[in-house]
Amino acid sequence: KKMEEIKIGLITDVHSNLPALEAMLGEFGRRGCDEIIHTGDAIAMGPFPKECLDLMYATPNMTMLMGNHELLYLRGIDNLTVPMHPDEAAHHRQIHKMIGESYREKIASWPFRVEKDFFGHRVVFCHYARINNKFVRPIVNPTVDELDDIFGYIDAEVIFFGHEHHPLTAMGKKLYVDIGSLGCNHENMAKGTLLTVSGGGMKIEDVRVPYDKQRLFDAMEARHIERGDFIAREFFGKKTDKV
């Protein structure tokens with residue numbers, strides 16, 4: 001008899017990139033995932049915030065965690081303690097309007113972290129470290145000591161997270177796995193992670209799925225996304241038309 005095995009598809013930082021989300025969910029389906037976990041920032045940046053939420057809610061056995069962009073949607077741009085740059089604020093207002101009010105209650109129920117026990121191994125999923133009820137600023141190319149420091153309050157053997165957008169695996173006092181942004185990267189690839197757990201241990205694989213990024217750029221223009229050109233270049237890797 002085959003030892004019991006659980007397959008979990010992990011994604012983070014979809015950032016309203018529907019084509020990337022569809023590609024990865026299709027791949028997770030083909031791989032027979034029992035469960036899918038998204039570790040925050042489903043919305044903002046891209047042109048499909050509501051469609052991404054709709055698809056995630058329509059996906060069976062999917063858990064959504066709270067990210068900083070969900071918090072921004074819940075709090076509202078006008079209630080920030082630190083003022084946001086007017087261009088950035090205009091972008092988020094537009095995104096929040098596209099989502100509307102219907103998702104407010106649902107998103108408010110998203111947890112900040114999920115803890116699971118797999119065959120005696122404690123695993124935690126979260127958007128990022130939180131100190132004094134605030135997300136820590138993402139650390140680019142963090143050292144193991146920095147990760148040990150910011151995640152020190154979490155009791156787990158393995159922590160899966162996002163927020164910084166770049167995939168990373170590092171072993172310190174715990175195993176740290178930054179899944180890497182599904183939707184906000186400069187490649188024509190959706191990024192995710194497949195976690196397979198059994199009594200024999202844990203296997204962590206990078207999953208890369210090609211998708212049509214032009215569909216994303218076309219929708220940025222068609223929907224007149226605020227700061228769309230800048231966002232397309234900086235966050236999604238659109239090449240400039242200028243030679």
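In this predicted model, Arg122 and Asp155 meet through their side chains in a salt bridge, with an N to O distance of 3.7 Å. Arg122 belongs to strand β5 and Asp155 to the loop between α6 and β8, so the contact ties together parts that are 33 residues apart in sequence. The structure holds 16 salt bridges and eight aromatic pairs.

**Salt bridges**

- Arg122 has 32% relative accessibility and therefore counts as partly exposed, whereas Asp155, with a relative accessible area of 54%, is exposed.
- A salt bridge also joins the side chains of Lys191 and Glu187, at 2.9 Å from N to O.
- A network of salt bridges links Glu27, Arg30, Arg31, Lys203 and Glu205.

**Aromatic pairs around Tyr128**

- Among the eight aromatic pairs is that of Tyr128 and Phe151, an edge-to-face arrangement with 5.8 Å from centre to centre and 75° between the planes.
- This pair links distant parts of the chain, 23 residues apart: Tyr128 is in the loop between β5 (121-126) and β6 (130-131), and Phe151 is in the loop between α6 (144-150) and β8 (158-161).
- Tyr128 counts as buried at 2% relative accessibility, and Phe151 counts as buried at 0%.
- Tyr128 also pairs with Phe161: the ring centres are 5.8 Å apart and the planes lie at 65°, so this pair is edge-to-face, the threshold being over 60 degrees.
- Ring pairs join Tyr128, Phe151, Phe161 and Tyr176 into a cluster.

**Charges over aromatic rings**

- Arg104 is placed over the face of Tyr73, 4.9 Å from the ring centre.
- Lys106 is placed over the face of Tyr57, 4.6 Å from the ring centre.

**Enclosed space**

- Rolling a probe the size of a water molecule over the atoms shows where empty space is left.
- The count comes to one cavity of 30 Å³ or more, and the volume of the largest cavity is about 30 Å³.
- The lining of the largest cavity consists of Tyr128, Ile139, Pro142, Leu147, Phe161, Glu164, Leu168 and Asp178.
- By class, this lining comprises six nonpolar residues, two charged residues and no polar residues.
- Tyr128 and Phe161, which belong to the ring cluster, are among the residues that line the largest cavity.

Key
Residues numbered from 1 in each chain as written. Predicted model: local features only at pLDDT ≥ 70, side-chain atom pairs only at ≥ 80, totals over all residues. Heavy atoms only, no water. Phe/Tyr/Trp six-rings, centres within 6.5 Å; stacked < 30°, edge-to-face > 60°. Helix = DSSP H or I, 4+ residues; strand = E, 2+ residues; numbered from the N terminus. Buried < 20%, exposed > 50% of the residue type's maximum accessible area, 1.4 Å probe, protein only. Lys NZ or Arg CZ within 6 Å of the ring centre and 35° of its normal. 1 Å grid on protein atoms, 1.4 Å probe; cavity = no way out; pocket = protein on both sides within 12 Å on 5 of 7 lines; lining within 4 Å. Points joined across faces, edges and corners; volume = space filled by probe spheres on them. Nonpolar A, V, L, I, M, F, W, Y, C, P; charged D, E, K, R; others polar. Salt bridge = Lys/Arg side-chain N within 4 Å of Asp/Glu carboxyl O.
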